[in-house]
Structure formats: C-alpha cells, structure tokens
Amino acid sequence: MTALELEQPTEPGGPHPGKGVLRRHPTAAAALACLASFTAFWIAQRLAHVTMIDLMVYRAEGLTVRNGESLYDMVATSAHLPNTYPPFAALLFTPLTLLGVPAMRTLATAGNLLLLVAVVDLSLRLAGRPRRLPRPAATLAVSALLVWCEPVWTTLRYGQINLLLTALVLWDLTRRDAQRLAGIGIGIAAGIKLTPALFAVFLAVAGAVRAGQRLRSGAGLRAAWNPWLRQAAVATATFLATALLSALALPRDSHRFWTGIVFSADRVGEVEITANQSLRGALARLLHTHDPGASWAVLAGLTALAGLALAAGALLRGPAASPADGGRAWAAVACAATALLISPVSWSHHWVWCVPMLVLLGSEALDRTGTGARRWWVTTVTLGLLFCSFALWWVPHRWHQHQELHQNGIQMLLSDVYPLAGLAVLALAGARLWRANRSPATRD
C-alpha cells in the first residue's frame, strides 16, 4: 500500500486488523516499511558488488585539487574516466579525501538514502500532499517504494550526486515567495553541474511575463519586480559566486573549463550508448550515427522553447501565494523533463526527477474520482513501471562496442523509455494547461 493510497478514507472497524494499525500508527508503520525496503535495497546493492565508480572519480578530483594538479588532464579508475564537472564541484569533493574508501562508500549510500527521503518530502510538499495522512508517514511510505526506481538504483550504484542536486532545486521551489534568499539552492546546483541552470531561466521567463502583465496594468516598475525575477536573480548571483570562488582557488582549471571543456559534450562518453537517455542519444540510435548533428540542435531548440513555455505557463496559472499548488509542481517537473531531454548527455541516473514526477501524477489521481481518477492512476502506474523496469538495459549494450547503432525498432523503443516518458510528462503538462486556459473550472 502506498502513501498516496493511504490518504483515501477507510471504514473504521474493518475486517483486517492491519488496517486499524495503519490508521492508529501510520508513521510507525511507514517507518518500518521504509526501513525494511532500504535494508533490502542495501543488501541487494552489496550482493550486486556495486563499484560506486563515479564516487571514486569525485574522490580523485578532490585529491587532484589537494595536490595542485590539472583537473581536466586527470583520469580516474580503471575505466579512465575524466572530470566533466565545473571546478567548483571539485572543491566540494575535497573532504572525500579525508575518508577511507570503505567509510566513504558507506556514508555515500546512507547519505543518498536520506536524500531520497528529502526529495520525496519536498515533492509531496510541492504537490500539496498529504492532506489527511501525517507528512512523515507519507514521505517514508513513498520512499520505500520509489527507492527501487532504476534512476535511484543507478545513482546509488555509481555513488552519484543527482539526489543532492534535485533536493537543492526542490528546496528552492518549495520556498514561499516572501523568502528573499530563495534561489541559492538552484545556483549551487548549477555551480556543481550546469543543467540545473535551466530552472533559473524558467523562473526568469515566468517573472518577465508577470512583470509585463503588471506594467500593462499600470502598476509601475516597483510592482513589476516580482518574487520569480528575484529568485532567478539570486540563483544567477549564486552561480556566478561559485564560478568566482573557483576562479580564485583554481584559476588555471577555471579558465580551461569555461573556455574549452564546457563546449566538449562528447568528453563525457559515447552519444549513442543506451545509458544516454537524452534526445541526442535517442536520435543517434534512431539514425544509427555517432553524431546526429544539426537535426539534434533543431529538435533540442524546439523542445527547450516548448518546455520553458509550458513550465512558465504552469507557474503563471498557479496561485501566487503558496508553493504547495499544482501549478508550481507541474512547472517544476516540466522544466526538469526539458533539461533532461535537451542536455547533450543525460545518463539514466540523471532521471531521479522521476520521483517528483510520480508523486505529482499520483496527486492528480487523488484529486479526481471516477473515469478521471482511473486515467491518472493508469498513467501513474505505467510511468512508475517504466522507471522501475530497467528496460533500457534489456537491449544489447557494451561500452565502446557501438551495439546501439544496430538496434531494431523494439530495441530502440526499450532504449528510449526515459525520453519518451519525459515527452509524455510535457504532453500532460501541455494538455493540463490548455484545459485550464479553456475552462478554469474543469477538472477531469
């Protein structure tokens, strides 16, 4: 039973004693379920002999900083992986060098599980849930389920930082408009990994539209300055501060990154590999080519425009006073899907944004009854199964073997499940926005 299902009313004194326990002690029951699920997950990861290879790269970056060597000449692990992040990330990774490898791996796993709980809690808050169940109970119950999604599994398998970045962005988006420092989380996330910067762009677009509306109404320049513009400005200033700090601490590496490495998208790996769940990777597999070239640039540009328009439109449609509304939640997931789709490389573990996506879809189902509820539940379960299926790994794949260039139609569908899911989320956001603009009172 999920936390979202637990929100639905139950009849007292039912024939199943377990239901009474859940009603009387929902948080304790959810905590036990979460502990059992996380324990099974931890054991499964150890039995799978996960390498946490990306965590080892992070540690190597920290050692490189400490030793005063070149960040972008280093390679780490037996796979000879290079550093692809901005130099600010390497500064943050330096404390990893103070730990032994076993302790570092244990702390990284425990930390990522705690971050998953934080991401679930923030996602529920953004969607305005729960309404009847205690928040800790809902958070723990949903975490117990979503830990088994492939992006979450792979994030912990590699020791990645995706859950941290998602938590930073969601923390910002759940702040109330009166909080003047909202935006710092997005700025720090963008300083570590550039993709979250799209959230600052979307806030700036929505803020500019709102400013234009107020100016046209004769409100004046002072009233035109709104919380979304302020949040975008704070995010931008924070990002620039991370770049300045890096330039002061690592001037040579900073110059090299911002004048060269940042434009080398192919540095991170082969475009067509099935782990690349971006539009560029999907297009490379579809066209059987290593480089989809201008066709990808055009597709990515159109997707960026459409996605930003949908995200800004959803934000503008939602109530301005509170972050706990459907409009802001749809804006967040639409922007996240857009960022993942248009990025040159979006590894499968980058799609931990499936957590707020699934929470939001489940929330939409709970808001409806009858046929409308059934449609939303089918959508939620279908996308949930896609993210838990590991379907992209069912196709032939091997690093440097280029097997993905010879896929048939079924294999291409399986290896493109996340881009298809991202496009589906954008389509749902568009349909919801169109219906809201056409008939604000309609809920299907």
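Glu364 and Arg368 are both buried. In this predicted model, these two residues are joined by a salt bridge in which the closest N and O atoms are 2.5 Å apart. A search of the whole structure finds 8 salt bridges, and three of them are listed here.

| Salt bridge | N to O distance |
|---|---|
| Glu364 and Arg368 | 2.5 Å |
| Asp367 and Arg129 | 2.5 Å |
| Asp367 and Arg131 | 2.7 Å |

The side chains of Asp367 and Arg129 meet at an N to O distance of 2.5 Å. Asp367 lies in the loop between helix H18 (354-366) and H19, while Arg129 lies in the loop between H6 and helix H7 (135-146), so this pair ties together parts of the chain that are 238 residues apart in sequence. Arg129 has a relative accessible area of 3% and is therefore buried, whereas Asp367, with 29%, is partly exposed. Asp367 also forms a salt bridge with Arg131, with 2.7 Å between the closest N and O atoms. This second pair likewise links distant parts, since Arg131 sits in the loop between H6 and H7 and Asp367 in the loop between H18 and H19, 236 residues apart. Arg131 is exposed, because its relative accessible area is 53% and the cut-off for that class is over 50%. Through shared partners, salt bridges join Arg129, Arg131 and Asp367 into one network.

Turning to aromatic residues, the structure holds 14 aromatic pairs. In one of them, Trp153 and Phe390 are arranged edge-to-face, at 6.4 Å centre to centre and with 70 degrees between the planes. Trp153 belongs to helix H8 (residues 150-158) and Phe390 to the loop between helix H19 (370-388) and H20, so the pair ties together parts that are 237 residues apart in sequence. With a relative accessible area of 15%, Trp153 is buried, while Phe390, at 24%, counts as partly exposed. The rings of Phe199 and Phe202 have their centres 6.5 Å apart and their planes at 75 degrees, which means that this pair, too, is edge-to-face. Phe199 and Phe202 are 3 residues apart in helix H11 (residues 197-216) and are therefore separated by about one helical turn; both residues are buried. Trp153 and Phe390 also take part in an aromatic cluster, which they form with Phe41 and Trp148.

Helix H11 also contains Ala204, which counts as partly exposed because its relative accessibility is 30%. Leaving aside residues up to four places away in sequence, Ala204 touches Leu229 and Ala232. The C-alpha atoms of Ala204 and Pro227 are separated by 9.9 Å, with the two residues lying 23 positions apart along the chain.

Ser123 is part of helix H6 (residues 101-126). Where does a polar atom of the Ser123 side chain find the backbone oxygen of Val119? The separation between these atoms is 2.7 Å. Ser123 is buried, because its relative accessibility of 3% falls under the 20% cut-off. Beyond residues up to four places away in sequence, Ser123 touches Leu170, Val355, Pro356 and Val359.

Helix H15 (residues 279-287) is mostly covered, with 7 of its 9 residues buried. Those buried residues are Leu279, Arg280, Gly281, Ala282, Leu283, Ala284 and Arg285, and what covers them includes helix H16 (294-317), helix H17 (326-342), H20 and H21. After H15 comes His288, which has a positive phi near 55 degrees. Apart from residues up to four places away in sequence, Arg267 touches Tyr72, Pro82, Asn83, Thr84 and Ile261. Arg267 and Thr155, which are 112 residues apart in sequence, lie 20 Å apart from C-alpha to C-alpha.

Leu423 lies in helix H21 and is partly exposed, with a relative accessible area of 37%.

Note on methods:
Residues numbered from 1 in each chain as written. Predicted model: local features only at pLDDT ≥ 70, side-chain atom pairs only at ≥ 80, totals over all residues. Heavy atoms only, no water. Helix = DSSP H or I, 4+ residues; strand = E, 2+ residues; numbered from the N terminus. Buried < 20%, exposed > 50% of the residue type's maximum accessible area, 1.4 Å probe, protein only. Polar contact = N/O pair within 3.5 Å; in protein donor to acceptor, adjacent residues only side chain to side chain. Contact = heavy atoms within 4.5 Å. Phe/Tyr/Trp six-rings, centres within 6.5 Å; stacked < 30°, edge-to-face > 60°. Salt bridge = Lys/Arg side-chain N within 4 Å of Asp/Glu carboxyl O.
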